[in-house]
Structures are given as C-alpha cells and as structure tokens.
Amino acid sequence: QVQLVESGGGLVQAGGSLRLSCAASGRFFGIRTMGWYRQAPGKERELVATISGGSTKYADSVKGRFTISRDNAKNTVYLQMNSLKPEDTAVYYCNALVAVLGPDFVSWGQGTQVTVSS
C-alpha cells in the first residue's frame with residue numbers, strides 16, 4: 001500500500017504564505033504524477049496543481065501565486081502558497097499516481113486544513 005502524509009496547513013491572514021508538504025511511503029516502483037486538490041465547504045473537490053516529470057499544471061485561480069515542486073529522492077511534493085486569499089480556504093489533499101505491481105494506483109492523503117482570514 002501507499003501512504004501520503006500531508007503537513008503544513010494552518011491559519012494565515014490574507015496576503016500571507018504557507019507551504020504544504022506531502023510525503024509518500026510504502027511499496028511502489030515509482031510515482032508518475034503528484035498533485036494537490038482542495039475542497040471548500042459545500043463545494044466539489046478541485047484541482048489546484050500537478051507535477052509530472054518537469055511539467056506543471058495549475059488552476060487558473062492560483063496561477064502566479066502557488067508553486068508546486070517535487071523532491072523525487074524523498075518522494076515528496078510541495079505546494080508553496082503566496083498571496084493567499086480568503087477564497088483559498090479549504091481542505092487541501094495530496095494526490096499521487098503510483099506505479100505498483102499491476103495497474104497504476106491512485107492514492108490520496110488525509111487532507112490538511114488551510115484557513116485564510118480576511
């Protein structure tokens with residue numbers, strides 16, 4: 001099995017910054033894609049950013065403010081969030097597409113709360 005453990009969430013004022021981390025552990029051959037999603041109260045889960053090889057993808061709402069990066073040696077993905085806005089308040093979930101013996105496996109973290117006060 002693959003476990004994703006997130007950290008770095010918290011309460012911050014608008015305009016502030018937070019850095020989320022997500023470390024993968026378990027038995028797998030490699031990680032193809034890692035990413036971050038978020039879910040605000042009463043809303044569906046939405047993509048924030050993904051990273052695969054050297055390619056990154058961002059939601060329009062976070063472009064220019066958030067940066068996703070990855071440390072392959074540590075099987076860890078990061079999300080640097082700057083210029084945070086109240087509308088960024090949500091539970092942030094880490095996601096990974098993992099190569100295992102058999103079909104690739106999609107794993108999710110438990111989520112970390114990010115709250116941005118105005």
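Me: Before I look at the charged side chains, what is a salt bridge?

Reply: A salt bridge is a side-chain nitrogen of Lys or Arg within 4 Å of a carboxyl oxygen of Asp or Glu. Side chains of opposite charge can pair when their charged atoms come close. This is a predicted model, in which local features need pLDDT of at least 70, side-chain atom pairs count only at pLDDT 80 or more, and totals for chains, interfaces and linings use all residues. Residues are numbered from 1 along each chain as its sequence is written, and side-chain values use heavy atoms, with hydrogens and water left out.

Me: How many salt bridges does the structure hold?

Reply: The structure holds five salt bridges, including one between Arg-38 and Glu-46, whose closest N and O atoms are 2.7 Å apart. Arg-38 also forms a salt bridge with Asp-88, where the closest N and O atoms are 3.0 Å apart, and the side chain of Asp-88 meets that of Arg-65 in another, at 2.7 Å from N to O.

Me: Which residues are linked in a network of salt bridges?

Reply: Arg-38, Glu-46, Arg-65 and Asp-88 are linked in such a network.

Me: Is Arg-38 buried or exposed?

Reply: Buried means under 20% relative accessible area, exposed means over 50%, and partly exposed lies in between (1.4 Å probe, protein chains only). Arg-38, at 6% relative accessibility, therefore counts as buried, and Asp-88 is buried with a relative accessible area of 1%, whereas Glu-46 is partly exposed at 35%. Arg-65 is buried, as is Asp-88.
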